There are 4 protein chains.
Amino acid sequence: MSEMPGRESTREVRLTDSSRVEAFTDGVFAIVITILVLELRPPEHEDGGLLRGLLSQWAFYLAFLMSFLYVGIVWMNHHALFSRVRFVDRGLQWVNFSILLTAAVLPFPTAVLAEALHGGNPTDQRAAVALYALVAGLMSAAWIAVFPYLRDHPQLVEPGTDPAYFHAQRIRPWTGVILYTAAGLLGLLAPLIGLILFVVMIVFHGLTSDGVHEAPSLRRRASRAKRHLD
Amino acid sequence: MSEMPGRESTREVRLTDSSRVEAFTDGVFAIVITILVLELRPPEHEDGGLLRGLLSQWAFYLAFLMSFLYVGIVWMNHHALFSRVRFVDRGLQWVNFSILLTAAVLPFPTAVLAEALHGGNPTDQRAAVALYALVAGLMSAAWIAVFPYLRDHPQLVEPGTDPAYFHAQRIRPWTGVILYTAAGLLGLLAPLIGLILFVVMIVFHGLTSDGVHEAPSLRRRASRAKRHLD
Amino acid sequence: MSEMPGRESTREVRLTDSSRVEAFTDGVFAIVITILVLELRPPEHEDGGLLRGLLSQWAFYLAFLMSFLYVGIVWMNHHALFSRVRFVDRGLQWVNFSILLTAAVLPFPTAVLAEALHGGNPTDQRAAVALYALVAGLMSAAWIAVFPYLRDHPQLVEPGTDPAYFHAQRIRPWTGVILYTAAGLLGLLAPLIGLILFVVMIVFHGLTSDGVHEAPSLRRRASRAKRHLD
Amino acid sequence: MSEMPGRESTREVRLTDSSRVEAFTDGVFAIVITILVLELRPPEHEDGGLLRGLLSQWAFYLAFLMSFLYVGIVWMNHHALFSRVRFVDRGLQWVNFSILLTAAVLPFPTAVLAEALHGGNPTDQRAAVALYALVAGLMSAAWIAVFPYLRDHPQLVEPGTDPAYFHAQRIRPWTGVILYTAAGLLGLLAPLIGLILFVVMIVFHGLTSDGVHEAPSLRRRASRAKRHLD
């Protein structure tokens with residue numbers, strides 16, 4: 001583009017600050033996590049059989065909880081990562097967009113898994129576990145590009161962030177990809193084992209999650225705020 | 001994590017400011033409260049019977065109103081609480097996440113309650129009232145941890161907030177847990193009484209809600225703004 | 001509450017700034033306006049009859065457009081009003097909450113109206129037009145309290161806002177209440193006339209809407225920004 | 001309106017800053033893009049036939065991906081444009097509102113297209129491709145007004161933005177209108193060609209998208225931030 005020719009170095013072009021990208025991302029995650037409840041429906045039941053009907057829907061509650069936790073943890077990781085990001089360029093936009101795309105699909109395999117577990121046919125359960133593993137694995141895979149990208153584009157990063165951070169984190173998505181692939185393959189043999197692996201992995205993700213480190217920018221902001229107050 | 005070793009005390013690690021957590025939380029509450037309307041459907045009816053069909057759906061309107069008010073009040077309480085919170089650490093993230101989880105489930109017992117009241121079978125109504133009481137009680141229980149947590153982590157709190165505030169508020173969630181348990185148990189005997197208790201409690205919650213106190217941070221911001229204008 | 005006794009005058013208690021209330025409100029309006037599309041469904045049709053099926057759904061498109069415009073205009077009015085609001089107290093929270101409640105219900109009468117127009121039974125159409133008028137009238141009625149409230153609580157208002165503004169605006173909600181009541185009553189006699197009145201009123205609302213006046217606060221912010229740049 | 005007579009020039013009247021409009025717009029785009037997944041449902045299938053059922057739904061996956069990408073790209077363009085907008089007046093509100101309206105409709109033709117492709121009747125597929133082209137073309141058409149409007153209202157624009165930018169961009173929406181019209185007309189003859197054109201255009205949109213240029217305001221903000229840090 002031609003505005004302000006001569007004053008924009010190629011490096012500076014196509015940068016924007018990260019706040020509106022975060023707002024959009026927060027919106028998508030908040031919607032995905034909240035519409036999961038639309039799969040929980042009053043059960044079909046005969047007169048007086050509501051309680052039994054509710055209890056028989058355990059698979060829907062389990063699938064809801066699993067996906068709710070998974071989306072929540074992914075959001076927390078996103079939050080932790082973007083507290084270290086100051087600007088977003090075109091490439092980071094697309095990387096972020098693929099994270100959103102894979103997360104936005106999750107309600108679909110969640111519903112398929114719930115119905116298959118509820119229906120009880122083992123062949124269908126294998127297919128459902130494999131589908132869930134596929135989407136969950138893609139959700140992990142979407143994070144593969146983001147850490148090298150930020151390591152290689154330090155101008156996007158909050159000043160004071162150690163590039164070693166992004167280098168150290170680059171392994172984590174691969175763990176997800178490999179374990180979800182394993183869960184999917186095991187699920188093809190024994191759906192229950194795949195299912196247990198999903199739960200284990202989500203708990204593990206939650207426990208080891210980077211959580212919400214104080215990024216350098218924040219410490220700076222906090223100390224600035226402190227000075228204001230003094 | 002290893003970035004900036006030596007400069008981060010263990011106390012400072014894992015802090016982040018509360019604004020993005022608030023944005024995500026606002027998103028979830030806004031979606032929960034708004035998708036409640038998806039349960040209000042044009043009634044099945046014969047030609048010319050729309051009006052009668054609409055009137056016969058009173059149970060859906062009642063359940064919608066109850067849950068809409070409940071979510072709204074919980075959001076106002078969240079707003080009041082977080083106006084006193086400056087930073088969010090991993091523990092507070094998870095406490096907040098459990099508040100979101102229980103609130104996000106509410107459309108499900110709302111739909112079950114509406115259908116049971118509409119269907120008219122007393123056994124089913126007992127189950128539906130008990131389920132609603134269970135979820136509403138869990139929504140209260142999710143708040144139990146938050147007040148002691150903030151009392152014990154003053155570094156997360158807006159400077160100037162009296163710790164006695166969190167100490168005083170710690171009783172409130174227990175009231176909810178006890179009263180919703182009572183409503184559920186009474187509802188098992190007489191659904192109508194459980195239902196009346198729900199309405200009474202929501203009105204009571206609304207009237208006694210802490211509302212939106214001016215937090216110290218705000219007063220500060222306001223007076224700073226004033227100085228700017230002078 | 002007891003924190004900071006002696007420093008909070010009764011006037012200052014229960015104030016908070018308006019930004020999180022605006023964020024929540026924006027969320028609810030954005031969701032209401034967007035889930036209206038969920039009523040637009042692929043038509044039931046025989047093989048090769050999709051086009052005819054799509055055309056026969058005109059009533060759904062009309063109802064969608066009407067409600068989309070109405071919610072959009074209400075949001076713009078909210079935006080215009082809150083650009084003059086600096087703080088939110090408990091009372092204003094509840095007034096705002098009733099605005100949200102009535103707006104969040106709109107998808108329901110929209111769906112009922114679309115089905116009745118599509119179904120073609122005149123008795124049902126009368127009921128549907130009356131229901132839509134009722135909810136639209138309540139949406140107007142929810143605004144009745146807000147202007148006197150802000151006129152009487154100048155401490156909530158952006159400094160520099162003329163109180164005469166709120167005084168002048170207090171008539172507008174009544175126009176909506178009266179005209180929607182009229183549309184509902186006329187609709188009971190002749191649904192088509194009620195429908196035409198809805199469209200006329202939404203266009204009228206849009207044309208006369210206060211829109212987005214530059215509030216004093218903004219002008220101030222803009223000129224401050226200008227000074228920064230100089 | 002009468003507040004502050006004499007101090008508001010006609011130029012200044014009806015301005016407001018763009019942040020709340022952006023928040024509302026982000027909300028609508030985030031919801032549209034996320035509720036697209038509601039069309040992906042567990043397939044009807046006989047016992048043990050889930051996998052085959054899942055595979056047979058390819059048309060739903062394709063339509064989902066197409067619309068997800070399209071909405072995402074439109075949001076990125078909106079983001080790029082509004083990083084150059086500082087204030088919003090009534091006219092720009094309405095232009096933005098028509099962008100939201102056309103985008104919010106997209107889940108409907110997406111569902112119609114998916115069902116027609118899945119159903120397999122060629123006549124229906126022609127109608128569905130034409131409907132999708134119509135809505136996609138309207139989505140482009142909604143952008144026609146925005147560039148001339150901003151060129152002619154420099155007081156709304158971030159200082160330092162070259163008006164030539166808006167002049168150069170004014171062609172882009174026309175490309176969309178013309179190509180989607182062509183895709184619709186071709187689709188009437190051969191649905192598959194229309195479909196391929198959609199995919200080509202979305203990829204093309206994505207590749208040529210203005211993306212997220214660093215707007216002058218940002219560069220300013222960034223350099224100010226830098227000075228703060230020094």
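Helices (H or I, at least four residues) and strands (E, at least two) are DSSP runs, numbered from the N terminus. The model treated here is predicted: local features need pLDDT of at least 70, side-chain atom pairs count only at pLDDT 80 or more, and totals for chains, interfaces and linings use all residues. Residues are numbered from 1 along each chain as its sequence is written, chains are lettered from A and ligands numbered from 1 in the order in which they are written, and side-chain values use heavy atoms, with hydrogens and water left out.

**Exercise 1.** Determine in which helix Gln125(C) lies, whether Gln125(C) is buried or exposed, and which residues Gln125(C) touches.

*Solution.* Step one: Gln125(C) belongs to helix H6 (residues 122-141) of chain C. Step two: buried means under 20% relative accessible area, exposed over 50%, and partly exposed in between (1.4 Å probe, protein chains only). Gln125(C) has 15% relative accessibility and therefore counts as buried. Step three: contact means heavy atoms within 4.5 Å. Leaving aside residues up to four places away in sequence, Gln125(C) touches Ala116(C), Leu117(C), Gly120(C) and Pro191(C).

**Exercise 2.** Describe how H4(C) packs against H6(C).

*Solution.* Step one: axes are lines fitted to C-alpha atoms, for helices over the stretch in contact, and angles run from 0 to 180 degrees between N-to-C directions. The axes of helix H4 (residues 90-105) of chain C and H6(C) are 8 Å apart, at an angle of about 160 degrees. H4(C) is therefore roughly antiparallel to H6(C); the classes are roughly parallel under 35 degrees, roughly antiparallel over 145, roughly perpendicular from 65 to 115, and oblique for the rest. Step two: on the H4(C) side the contact is made by Thr102(C), Ala103(C) and Val105(C), and on the H6(C) side by Val135(C), Leu138(C) and Met139(C). Step three: Ala, Val, Leu, Ile, Met, Phe, Trp, Tyr, Cys and Pro count as nonpolar, Asp, Glu, Lys and Arg as charged, and the others, Gly among them, as polar. The contact of H4(C) with H6(C) thus has 5 nonpolar, 1 polar and no charged residues.

**Exercise 3.** State how the rings of Phe68(A) and Phe97(B) are arranged and what the pair joins.

*Solution.* Step one: rings of Phe, Tyr and Trp (its six-membered ring) pair if their centres lie within 6.5 Å; planes under 30 degrees apart count as stacked, over 60 as edge-to-face and the rest as tilted. By this rule there are 40 aromatic pairs over all chains. Step two: the ring centres of Phe68(A) and Phe97(B) are 5.4 Å apart and the planes stand at 45 degrees, so the pair is tilted. Step three: Phe68(A) lies in helix H3 (residues 58-82) of chain A and Phe97(B) in helix H4 (residues 90-105) of chain B, so two chains are joined. Both Phe68(A) and Phe97(B) are buried. Step four: ring pairs link Phe64(A), Phe68(A), Trp94(B) and Phe97(B) into a cluster.

**Exercise 4.** Characterise the pair of Tyr132(A) and Phe198(A).

*Solution.* Step one: this aromatic pair of Tyr132(A) and Phe198(A) is tilted, with 4.9 Å from centre to centre and 45 degrees between the planes. Step two: Tyr132(A) is in helix H6 (residues 122-141) of chain A and Phe198(A) in helix H10 (residues 191-208) of chain A, 66 residues apart, and the pair links distant parts of the chain. Step three: Tyr132(A) counts as buried at 1% relative accessibility, and Phe198(A) counts as buried at 0%.
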